[in-house]
Each structure stands twice: as C-alpha cells, then as structure tokens.
Amino acid sequence: MGYQWPVLSTESLEGDPRLLQRAHAVLAWLVQHYAHSTPTDGSEPIRIPKSLAVPLVRVSKILRMAPILTFADTVLWNARPRDPRRPLSMDNIQIEKTFSGTEDEENFYKASASVELRGIEAIQIIHRYLNLDDPQDRINESGLRSDLLRLKSVLEELTELMEGVKKAVDPRVFYWQVRPWFNGSGSGGGQRWVYEGVAESAVVDTSGPSAGQSAIMHAIDAFLGIDHRQLRCPIPSVRKQHGDSAFMDRMRKYMPGLHRDFLDRIDDTQVTIKNVAMERNGLREAYNGAVKALKRLRDIHIRVACLYIVSMARSEPSDGLQRRETRGLDVARGTGGNHVASLLKAGRDATQKAILHLFVLGWVSY
Ligand code: HEM
C-alpha cells in the first residue's frame, strides 16, 4: 500500500461554528475533486481516503448536515465580500472556488447567492410572524397584509433573479463542464463511493449539491403552508412519479442543522398564516397573491431547469467544449438523482393547490 495521509483531529475547531463550516467546505470540495478525478473502470466503488472521510464525517455530525458537498459549501460558504470592510451585496461578492474555472460556474453560484441575499427579507417577514403573540388578533391584520404584499414582491424579484441566470450562464458550459462535478455517490445510478474509516450508516445522505437545499424556499413553503407531500392530482404515471413527495424532506438533511431548526419552528406554528387568511377577507387576496407569485417562480424555474438540463441532455458538446465524464449518470436527472421535469412540476402543482378558493361552507385550498 502507498503513502497514506494522516487523519487529523478536528478537536481544535469544535467550539467555533465558523471554523467547522470552513472545514466542511474545504473537506467536501476535496472529496468531490478526489471522487471525480480518481481513475476508475467503474467496476469497484470509489474509495475516499480516511484522511478526508473521517474529519468530514466528524464536522458534519457537529454541524448536523450531510457529509458531502452541499448548497452551503458551493454557495453560502463559497461567496465572500470582495472588500471585507463593506457589507455583503451583489456588487461586493466573489466566489472562492469552482471546479471548472469558468465564469459560467461562478455566475451559477452567484445567481443562487443573489436569491439568498434578496430572500433575507422573506426570512424577516416569517420571523415577525413567528414572534406574534396571537396572529388571529385583529390588531395584527394590517401588518400581516402588508407583509404578505412584501413577500409577493420579494418573490417577483426572486423570479427575475432566477431568469437572470440565462444571461450569465451558458447552458452548454453548465451541462457539459460544470454539472458533472456535482454528482454524489450513486447519483442517478452512478458509481458509489466508500468513505474509508467510517461506518456505512454514517454516510447515507450522499447526493450532490442542489439549490433545493437552500433554506429560503423551504421557509417560504412552510410559512405559506405548501404541502409537498400531497399526491399529485391527477396521479402521474408510475414512470413520472419518481422522487416526487419525499424530495423536499430529504433535501433538509443537507442543510446545516440550525437552518433545519428554523424550518421546524415554522412547521410547528399552531396557527398558520393560511389559517388566518381563511378566516379574514382582508388577508385572503394578499395570501393568494404571495402563493401565485411563488407558483410563477416555480414555473420559471422549470423552464430554466429544462433549458439547462432536459434539452442539454439531448445535445452534444460543441464549439470545442470538452465533455466531462458523467460517470454513469442518467442525464435527465437532477443532482439529487431525481427526474427533473416531474419533480419540479410536482412542486409547482403543490404550490398551486395552496391557493384559497370559495367553497359553500368556507374557504379551502385543494
Ligand atoms: C441554471 C440554473 C438552474 C438549474 C439548471 C436548476 C436545476 C434544478 C434541478 C434539476 C432541480 C431538481 C432537484 C435536484 O435534483 O437537484 C432543482 C431544484 C431546485 N432549485 Fe434549481 N436550478 C437552477 C437555478 C436555481 C436557482 C438560481 C435557484 C434559487 C435559489 C434554484 C432553486 C431551486 C429549488 C428551491 C429547488 C427545489 C425544488 C423546488 O423548490 O421547486 N434553482 N433545480
């Protein structure tokens, strides 16, 4: 056996969340590079050396997140101020690491970072709601109405930011040079990875990074009462059902534990904004406006995903672009291993269903 790098202790990092996040990002990027650069004939799993696997699993346990490259590593902890003396804003942001060295990959992360930055206002709105003593108290009605209207405009701006990706990222570069790096262990039937020195049970969540792991959209969904677990109606054919209902739940395991705690807090709300909107004429329209804006965002996102993945899966790399090996990946799946179009349509339909309609006995959503 050749030289093995030592397994370093993470003890000195363990009291400092920033150092733990940094360790997760550095180790997860290294693991991803290692797995995608190791020569293989595809017959055996890829063995991730102990020196990377053991500390990554350890810091992931403390951060309560999956021990693999996640949205946090590629976007949240990969975007930093160009000038640290000024606050973080889109004019003052730089991306630290890319796989491909292309501007398209940087811009892809920046597009998500811009949604995160703009999405802060949505989190503030939700936070205000969670801190109300009694959301049903009439005294809160005008504040809730104006927050729902603000949420609608935030969602409209997020939709524009999402569309902006088309100007900044070439679909061919994304599909052929960037995306193959995102595949995790066994993504879409691809090759499995074995983490040396780690019990198999500690490494179960190993899909690649996806913006589905961003807490912003999950928080907005939870706040508005979008139920992704409901079955689609009419029920799609068995072939199209893959990954529909459990996807959003699964993606939560890839978030830092503190983000998940915030989502759990929203889920645990006794009286939801939807309950209040059902009872108050003055709020219903504002609530429906926010839900419709979220549905429109998902419509646009489906178009973007189809342009960058579904149509590109049928294309060949051109203009001298080098095709990166996809290591067995089923090309029309998302990095989470999902059938892209049906998964995203299920999310859009679940959003649509939250819209409140007048029923003989009161207001309902279907
Ligand atoms: C080139 C641009 C983009 C492509 C190709 C793309 C593709 C995808 C795909 C394939 C999925 C399915 C989940 C998976 O397995 O990964 C997904 C989910 C998701 N993406 Fe994107 N995406 C893009 C940009 C964005 C941006 C800028 C955001 C903003 C944060 C975003 C937010 C989401 C969310 C929240 C989900 C979870 C499903 C949902 O909430 O409807 N995406 N995306």
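In which sense, left-handed or right-handed, does H7 pass H11? I looked at this pair of helices to begin with. H7 passes H11 in a left-handed crossing. I call a crossing left-handed if the near helix is turned anticlockwise from the far one by less than a right angle, and right-handed if clockwise.

Some ground rules go down here. The model is predicted, so I take local features at pLDDT of at least 70 and side-chain atom pairs at pLDDT 80 or more, while totals for chains, interfaces and linings use all residues. Residues are numbered from 1 along each chain as its sequence is written, and side-chain values use heavy atoms, without hydrogens and water.

**Overview.** I find twelve helices and six strands in the protein chain. These are DSSP runs numbered from the N terminus: helices are H or I with at least four residues, strands are E with at least two. Of the 366 residues in the chain, 51% are buried. Buried means under 20% relative accessible area, exposed over 50%, and partly exposed in between, with a 1.4 Å probe and protein chains only. I also checked contacts, meaning heavy atoms within 4.5 Å. Among contacts with a separation of 6 or more, 78% join residues 24 or more positions apart.

**H7 and H11.** Back to my opening pair. The axes come within 11 Å and cross at roughly 145 degrees. Axes are lines fitted to C-alpha atoms, for helices over the stretch in contact, and angles run from 0 to 180 degrees between N-to-C directions. From H7, the contact uses Met217, Ile220, Asp221 and Leu224. From H11, Tyr287, Ala290, Val291, Leu294, Leu297 and Arg298 take part.

**H6 and H11.** I turned next to H6, residues 171-178. Its axis is 9 Å from that of H11, at an angle of about 65 degrees. The two helices are therefore roughly perpendicular, a label for angles of 65 to 115 degrees. H6 passes H11 in a right-handed crossing. Pro171, Arg172, Phe174, Tyr175 and Trp176 of H6 meet Leu307, Tyr308, Ile309, Met312 and Ala313 of H11.

**The iron.** Which protein residue is the donor to the iron atom of the ligand? I find a single one, His301, through NE2 at 2.1 Å. His301 sits in H11. Donors are N, O and S atoms within 2.8 Å of the metal (3.2 Å for Na, K and Ca); water is not among the atoms, so sites may look incomplete.

**H5.** I checked the length of this helix, residues 141-168. Its 28 residues should span 40 Å at 1.5 Å a residue, and the end C-alpha atoms are 41 Å apart, which agrees. The expected span is 1.5 Å times one less than the number of residues. Its buried residues include Leu144, Leu148, Leu151, Leu155 and Leu158. The buried residues of H5 pack against H4, H7, H10 and H11.

**Loops.** Asp83 lies between strands E2 and E3. I note that Asp83 is buried, at 18% relative accessible area. Its C-alpha atom is 8.1 Å from that of Ile93, ten residues along the chain. Arg64 is in the loop between H2 and H3. Arg64 has a positive phi, near 60 degrees, and is not a glycine. Most residues other than glycine have a negative phi. At 37% relative accessibility, Arg64 counts as partly exposed.

Definitions and conventions
Angles under 35 degrees count as roughly parallel, over 145 as roughly antiparallel, 65 to 115 as roughly perpendicular and the rest as oblique.
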